[in-house]
Amino acid sequence: MTQAQALPPLHMRRDAFNPTPELREIRETSGVRTVVNAFGMRVYLVTRHQDIKEVLSDHERFSNGRPPGFVLPGAPVVPEEEQTSARAGNLLGLDPPEHQRLRRMLTPEFTIRRMKRLEPRIVEIVAQQLDVMESAGPPADLVAAFALPIPSLVICELLGVPYDDRDDFQQRTARQLDLSIPIPERLEMQRHGRDYMRSLVERARQHPGEDILGMLVREHGAELTDDELIGVAGLLLLAGHETTSNMLGLGSLALLRHPDQLTAVRDDPDAAGPAVEELLRWLSIVHSAIPRITTTDVEVAGMPIPAGQLVLVSLPSGNRDPDFIDSAEILDIRRGAPGHLAFGHGVHHCLGAPLARMEMRIAFPALLRRFPMLAVGEDFADVQFRSFHFIYGLKSLEVTW
Amino acid sequence: VVKIQADRDVCIQAGNCVMVADTVFDQDDDGIVVVRVDEVPEGEEEHAREAVKLCPSQALQLVD
């Protein structure tokens with residue numbers, strides 16, 4: 001790691017569960033400040049709940065698209081053709097109406113009714129992982145034994161990705177999202193990921209299965225290019241296992257550090273739903289939404305921002321804004337925290353939110369009921385957080401029971 | 001009397017409305033919002049208001 005990376009960029013800085021106090025200071029003063037992002041670019045950082053909602057819901061003035069010629073500093077020059085192909089199908093890089101076109105192909109797979117049908121299978125997957133963990137005996141790494149495999153198994157099955165390939169794609173996406181790894185290597189990981197997904201897409205074109213890839217080929221195969229299919233599937237795979245797994249790991253640690261609240265999640269079947277929402281809010285593992293680019297001169301919190309500037313919204317800061325919720329710094333699983341921004345806001349609101357919620361509502365109580373004596377097996381001061389990662393979480397967590 | 005208007009073209013199928021007020025809202029097979037009732041039933045007004053507030057794409061509107 002180079003000297004310049006001794007600290008992650010400001011919007012990613014945390015102290016265990018808490019966002020850096022500097023974010024609160026911005027929120028309490030100007031609300032918006034220019035900072036340097038992970039690529040060394042100057043961005044406008046938005047920190048208040050209401051301002052964040054306004055930015056994220058205004059896709060006309062705050063665009064996810066990138067103007068022609070836009071390059072990340074430090075990124076190798078990539079031929080335009082390759083760039084276009086690499087961007088295809090990436091919902092997070094699109095604005096309406098193109099965004100809506102792709103999103104609507106996927107949403108039938110993520111309705112609440114569909115999730116309810118999936119529930120027994122998720123219960124089964126969770127129970128199987130807990131069986132494995134139990135028979136191996138304590139101590140265990142909760143990330144490797146519980147937090148990572150459950151969402152990975154679920155998304156693999158849903159999408160039609162062989163679970164046996166998990167070591168490769170988990171390592172690839174983890175490195176792809178790790179800021180301490182040089183950009184060329186991260187882009188290389190991305191390229192490998194696309195090559196891998198291309199092989200799955202080709203197979204699905206030949207023999208579409210009963211999974212999301214198969215559905216996309218059967219129902220939208222004619223209107224989707226291979227590049228789009230690769231992009232969509234790659235995003236679902238990455239988002240499906242990188243996010244929920246970090247919530248499961250970090251959320252378990254948060255509960256272990258709040259024993260009364262842990263007891264409620266374990267013993268009260270009605271507690272899990274609101275607890276998941278509050279954990280999403282309090283932990284806000286996604287540091288920021290995809291940076292938006294202003295398409296015109298705008299003003300946020302009274303600060304003028306010219307056209308063509310990058311705007312970054314701090315989700316942990318917005319979720320701890322006292323103007324949004326009382327005692328925002330406190331974890332209180334009983335309140336349920338409706339209106340939190342952990343899944344974003346606006347047209348890009350997390351597509352997989354109903355799935356993530358269901359996985360967590362099943363997995364947290366199941367873990368705590370299986371191991372009622374679950375305890376952290378290492379000093380809290382020694383716990384390794386993913387400080388340089390675009391999605392916050394734990395590297396590992398030793399537990400005993 | 002509280003009524004709800006839903007703009008199905010604007011809906012992004014997040015499902016938040018169904019999560020907080022499933023007597024008032026449903027999703028069709030594509031995930032797009034369906035308002036189940038002409039008038040919000042008594043006792044459900046609070047949930048309906050919450051759903052309108054939570055909608056990430058501002059597809060819902062209260063009509064008093």
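This is a predicted model: local features need pLDDT of at least 70, side-chain atom pairs count only at pLDDT 80 or more; totals for chains, interfaces and linings use all residues.

User: What makes a residue count as part of the lining of the second largest pocket?

Analyst: A lining residue has an atom within 4 Å of a pocket point. For the second largest pocket, 37 residues line it, with G273(A), E277(A), R357(A), R361(A) and M19(B) nearest its centre. The volume is about 780 Å³.

User: And how do the lining residues divide by class?

Analyst: They fall into 19 nonpolar, eight polar and 10 charged.

User: Why is the pair D26(B) and R113(A) called a salt bridge?

Analyst: The label needs a side-chain nitrogen of Lys or Arg within 4 Å of a carboxyl oxygen of Asp or Glu. In D26(B) and R113(A) the closest N and O atoms are 2.5 Å apart, so the pair qualifies. The count between chain B and chain A is one salt bridge.

User: What is the extent of contact between the two chains?

Analyst: With heavy atoms within 4.5 Å as the test, 24 residues of chain B touch 20 residues of chain A. Of the area chain B buries against chain A, I12(B), Q13(B) and M19(B) supply 29%, more than any other three residues. The total area buried between the chains is about 1700 Å², and carbon and sulfur atoms give 46% of that.

Terms used. Residues are numbered from 1 along each chain as its sequence is written. Chains are lettered from A and ligands numbered from 1 in the order in which they are written. Side-chain values use heavy atoms; hydrogens and water are left out. On a 1 Å grid over the protein atoms alone, a cavity is a set of points where a 1.4 Å probe fits but cannot get out, and a pocket is an open set with protein on both sides within 12 Å along at least five of seven lines; lining residues have an atom within 4 Å of a point. Grid points are joined across faces, edges and corners, and a volume is the space filled by probe spheres set on the points. Ala, Val, Leu, Ile, Met, Phe, Trp, Tyr, Cys and Pro count as nonpolar, Asp, Glu, Lys and Arg as charged, and the others, Gly among them, as polar. Buried area is the accessible area (1.4 Å probe) that two parts lose on being put together, summed over both.
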